[in-house]
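I opened a notebook page for this model and listed what to look up. The entries follow in the order I made them.

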Amino acid sequence: MTPAAQRGIGMTSENTRQRLVSRLRAKGIRDERVLEAIRVTPRHLFVDEALSSRAYEDTALPIGRGQTISQPYVVALMTQAVLGDGRLSKVLEIGTGSGYQAAILSRVADKVFSTERIGELVRLARQRFHSLGMHNIYTRHADGLNGWPTQAPFDAILVTAGGLIPDSLLEQLAVGGVLVAPEQEGRHQRLIRTTRTDKGFEREDLGLVVFVPLLGGLE
Ligand code: SAH
């Protein structure tokens, strides 16, 4: 891909991206490392070309197979929620989808491991990482609820689909590590941050969110 295509024109240009960053700042995203990652990542290349003019709106968009690319605010919120003071060493994401969240993580972590149950989405995401030169993202076509035991422990785990989190996933966190995941609550979901301490697990509520469901099995 040419650098010009990555920079974008008109509705996908650097100015348009800067406006998105201003909007996220106004909504309460404070971590400059996260805002910078959003500013330099071409979200229009993570959606179908027909939708690229809407890529810098703060909304989720369809990516095919009934799935969505997460809303930029939610991507920023989750990234901010797992970033401590320093850089992350190893991060695990469940639900690669378009690859956008993984691309943002790849700027604030040494290595990003991401799993996705739909093979076609994994293939497309891998092509994007390759053409954008994001060589620290490792993907697997697998049921993410099993985590990635051979790479554990992780400093952070992000679950980008809503459902029940098995204890075995929490066990793949390092002590001091955090997991952020949406949990069903009636008809809504709440984004919960769970921190592993040397004594056990601590939970914090980060507010209401909307995600597609976490499903079992491969497609
Ligand atoms: N992080 C993605 C969001 C994609 S939507 C992005 O930035 O675009 C959530 C994704 O989770 C979907 O692609 C869905 O197929 C996937 N998913 C749902 N259940 C899963 C599971 N058990 N294991 C892995 N991926 C899963």
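**Entry 1: Ser70**

Does Ser70 count as buried or exposed? I looked up its relative accessibility, which is 17%, so Ser70 counts as buried. The cut-off I applied is under 20% for buried. I keep in mind that this is a predicted model.

I placed Ser70 in the loop between β2 (67-69) and α4. I then listed its contacts, leaving out residues up to four places away in sequence: Ser70 touches Arg43, Thr59, Ala60, Val75 and Phe211. One of these, Val75, is itself a buried residue of α4.

**Entry 2: helix α4**

How many residues of α4 are buried? I found nine of the eleven in helix α4 (residues 72-82), which makes the helix mostly covered. The buried ones are Pro72, Val74, Val75, Ala76, Leu77, Met78, Thr79, Ala81 and Val82.

**Entry 3: the whole chain**

I stepped back to the totals. The protein chain has seven helices and nine strands. Its radius of gyration is 16 Å, close to the 17 Å that the globule rule gives for 219 residues, so the chain is as compact as a globular protein of that length. I noted the span of the C-alpha trace along its principal axes as about 50 × 40 × 35 Å.

Of the 219 residues, 53% count as buried. I also checked contacts with a separation of 6 or more: residues 24 or more positions apart account for 53% of them. The accessible surface comes to about 10,400 Å², and carbon and sulfur atoms hold 51% of it. For the charges, I have 27 positive and 24 negative, with their mean positions 5 Å apart.

Why is strand β8 largely enclosed by the rest of the structure? I counted seven buried residues among the nine of β8 (residues 188-196), so the strand is largely enclosed.

I looked up its pairings next. Strand β7 (residues 173-185) runs antiparallel to β8, and eight bridges join the two. In this pairing Val180 stands opposite Arg193 of β8. The hairpin of β7 and β8 has two residues between the strands, and Gly186 there takes a positive phi near 60°.

Strand β9 (residues 201-209) is also antiparallel to β8, with seven bridges between them. Here I noted Thr194 opposite Arg203 in β9. The hairpin from β8 to β9 passes through four residues.

**Entry 4: backbone geometry**

Most residues other than glycine have a negative phi, and most peptide bonds are trans.

Arg65 is not a glycine, yet I read a positive phi of about 55° for it. Arg65 lies in the loop between β1 and β2. At 39% relative accessibility Arg65 counts as partly exposed.

Which peptide bond did I find to be cis? The bond from Ala152 to Pro153 is cis, with omega near 5°. Pro153 has its place in the loop between β5 (137-141) and β6 (154-159).

I looked at Ser106 in the loop between α5 (100-105) and β4 (109-116). Its relative accessibility is 10%, so Ser106 counts as buried. Leaving out residues up to four places away in sequence, Ser106 touches Arg87, Val112, Met134, Asn136 and Ile137.

Arg54 is in the loop between α3 (32-40) and β1 (61-64). At 35% relative accessibility I file Arg54 as partly exposed. With the sequence neighbours up to four places away set aside, Arg54 touches Arg43, Thr59 and Leu61.

Gly8 sits in the loop between α1 (3-7) and α2 (14-26). Apart from neighbours within four places in sequence, Gly8 is in contact with Ser13, Arg17 and His44. How many Å separate Gly8 from Ser168, C-alpha to C-alpha? I have 42 Å for this pair, which is 160 residues apart in sequence.

Note on methods. Residues are numbered from 1 along each chain as its sequence is written. This is a predicted model: local features need pLDDT of at least 70, side-chain atom pairs count only at pLDDT 80 or more; totals for chains, interfaces and linings use all residues. Side-chain values use heavy atoms; hydrogens and water are left out. Buried means under 20% relative accessible area, exposed over 50%, partly exposed in between (1.4 Å probe, protein chains only). Two strands pair if DSSP finds at least two bridges between them. The radius of gyration is taken over C-alpha atoms; the globule rule is 2.2 Å times the number of residues to the power 0.38. Contact means heavy atoms within 4.5 Å. Accessible areas come from the Shrake-Rupley method with a 1.4 Å probe; for residues, only the protein chains shown count as cover. Lys and Arg count as positive and Asp and Glu as negative; His and the chain ends are not counted. The place of a charge is taken as NZ of Lys, CZ of Arg, CG of Asp or CD of Glu.
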